[in-house]
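Please walk me through the structure below, with attention to its aromatic rings and their surroundings.

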Amino acid sequence: MADQERTEDFAQLLARLRDTYGVTDSEISRRIGVSTGTVNHWTHRRRAPKRDNLQALAAAFPRFTEEEIFAAAGRETPGPMSADSEARMLELWRDLTAEQQRAKEIEMRALGEANRTGR
């Protein structure tokens, strides 16, 4: 996201989504499994959505891509995780010592936080 220009923020994307699909915040919340209050917080820029919610929006409203939704939220789209990829990661994880696993977990949390905050 550092090199990309964001032309609309997440609240603006939600407004465009409501117009495109003719839905209300209640309908958006129902389709993605969050409360209407949560969608309202996003609409009024009080809270940022979680990764799962962004992905759920893309699945429920396919005219909007994950890339577009994540960009509006100021975040980069997570890489894909196939079952094979997940199995390989778990195999690698099992070869690490307990101390190495703790260190990698800290590193992964820091990377995830950087993705969420755009830093």
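Trp-42 has a relative accessible area of 2% in this predicted model, and because the limit for buried is under 20%, Trp-42 counts as buried.

A search of the whole structure turns up three aromatic pairs. One of them joins Trp-42 to Phe-10: the ring centres are 5.7 Å apart and the planes stand at 75 degrees, so this pair is edge-to-face. It connects distant parts of the chain, since Phe-10 belongs to helix α1 (residues 10–21) and Trp-42 to helix α3 (residues 36–43), 32 residues apart. Phe-10 is buried, because its relative accessibility is 6%.

Another pair is formed by Tyr-21 and Phe-61. Here the centres lie 4.9 Å apart with the planes at 75 degrees, so the arrangement is edge-to-face. This pair also links distant parts of the chain: Tyr-21 is in helix α1, while Phe-61 is in the loop between α4 (51–60) and α5 (66–72), 40 residues apart. Both Tyr-21 and Phe-61 are buried.

What do ring pairs link Tyr-21 and Phe-61 into? Together with Phe-64, Tyr-21 and Phe-61 form a cluster.

Ser-29 counts as buried because its relative accessibility is 3%. Apart from neighbours within four places in sequence, Ser-29 is in contact with Val-34, Ser-35, Thr-36 and Val-39.

Note on methods:
Residues are numbered from 1 along each chain as its sequence is written. This is a predicted model: local features need pLDDT of at least 70, side-chain atom pairs count only at pLDDT 80 or more; totals for chains, interfaces and linings use all residues. Side-chain values use heavy atoms; hydrogens and water are left out. Buried means under 20% relative accessible area, exposed over 50%, partly exposed in between (1.4 Å probe, protein chains only). Contact means heavy atoms within 4.5 Å. Rings of Phe, Tyr and Trp (its six-membered ring) pair if their centres lie within 6.5 Å; planes under 30 degrees apart count as stacked, over 60 as edge-to-face and the rest as tilted. Helices (H or I, at least four residues) and strands (E, at least two) are DSSP runs, numbered from the N terminus.
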